[in-house]
Amino acid sequence: MTKNSLVVAGCVEEWAQKSINDFVSKRKDGLAHIRVSIFGGVKNREVLMGQLRAILTPLKVKEVNLFAHEDCQAYVARKFSGNDVEKEALENDLRNTTAAIMAETPKLKVKAFILTKKQMILEVE
Ligand SMILES: [Zn+2]
């Protein structure tokens, strides 16, 4: 029987993956932890949404945790003028993806986080 799942979605970059692994390994939720790794994560919203739509029912997804991270190479072309501008862009992409998921599947629990260079994890409301 398939267990209920938590989907953890983030960027493919190594340090982001490591931070996500550390975060998820501390959760004692009884859920299967399913990774969706896409370059840029929430920046590539449609690719991410496509993956979610595909696995939502067969893998009994109950919760989604979205991760964006500082210094993401998928954002390089944006040439952020400062850390605040970068943080705002990450927050916007996280909020827009959360809203897109909630619009399609209102019952799903969705949380969003930013991984910082100082290895902090900030929850975005
Ligand atoms: Zn990245």
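The structure is a predicted model. Helix H3 covers residues 83-104, and its buried residues pack against helix H2, strand E3, strand E4 and strand E5. The largest nonpolar core has 22 residues, and H3 is among the elements that give two or more residues to this core.

**Helix H3**

- Helix H3 has 22 residues and reaches 32 Å from its first C-alpha to its last, which is close to the 32 Å expected at 1.5 Å a residue.
- The buried residues of H3 are Leu90, Asp93, Leu94, Thr97 and Ile101; seen down the axis of the helix, these buried residues fall within an arc of 95°, so they line one face of H3.
- On the other side of H3, the exposed residues are Asp84, Val85, Glu88, Asn96, Ala99 and Ala103.
- The partners against which the buried residues of H3 pack are helix H2 (45-55) and the strands E3 (61-69), E4 (109-115) and E5 (121-124).

**The nonpolar core**

- Within the largest nonpolar core, the residues with the most contacts are Val7, Ala9, Val64, Leu66, Phe67, Ala68 and Leu94.
- The elements that give two or more residues to this core are strand E1 (5-10), helix H1 (14-25), H2, E3, H3 and E4, and E3 gives the most, with five residues.
- In soluble globular proteins, nonpolar side chains tend to be buried together.
- Leucine 94, one of the buried residues of H3, is in contact with Val42, Leu66, Ala68, Ala112 and Val124, if its neighbours within four places in sequence are left aside.

**Isoleucine 114 in strand E4**

- Isoleucine 114 lies in strand E4, and this residue counts as partly exposed because 19 other C-beta atoms lie within 10 Å, whereas a buried residue would need 20 or more.
- Not counting residues up to four places away in sequence, isoleucine 114 touches Ala68, His69, Lys87, Leu90, Leu122 and Val124.
- Isoleucine 114 and arginine 35 are 79 residues apart in sequence, and their C-alpha atoms are 16 Å apart in space.

**Strands E1 and E2**

- Strand E1 is joined to strand E2 (residues 32-37) by six bridges, and the two strands run parallel.
- Valine 7, which is among the core residues with the most contacts, stands opposite isoleucine 34 in E2.
- Together, E1, H1 and E2 make a right-handed β-α-β unit.

How values were computed: Residues numbered from 1 in each chain as written. Predicted model: local features only at pLDDT ≥ 70, side-chain atom pairs only at ≥ 80, totals over all residues. Helix = DSSP H or I, 4+ residues; strand = E, 2+ residues; numbered from the N terminus. Expected span 1.5 Å × (residues − 1). Buried ≥ 20, exposed ≤ 12 C-beta atoms within 10 Å, placed from the backbone. Arc of directions from axis to C-beta. Contact = placed C-beta atoms within 7 Å. Core = buried A, V, L, I, M, F, W, Y, C linked by C-beta atoms within 7 Å. Pairing = 2+ DSSP bridges. Right-handed = clockwise from strand over helix to strand, strands pointing away.
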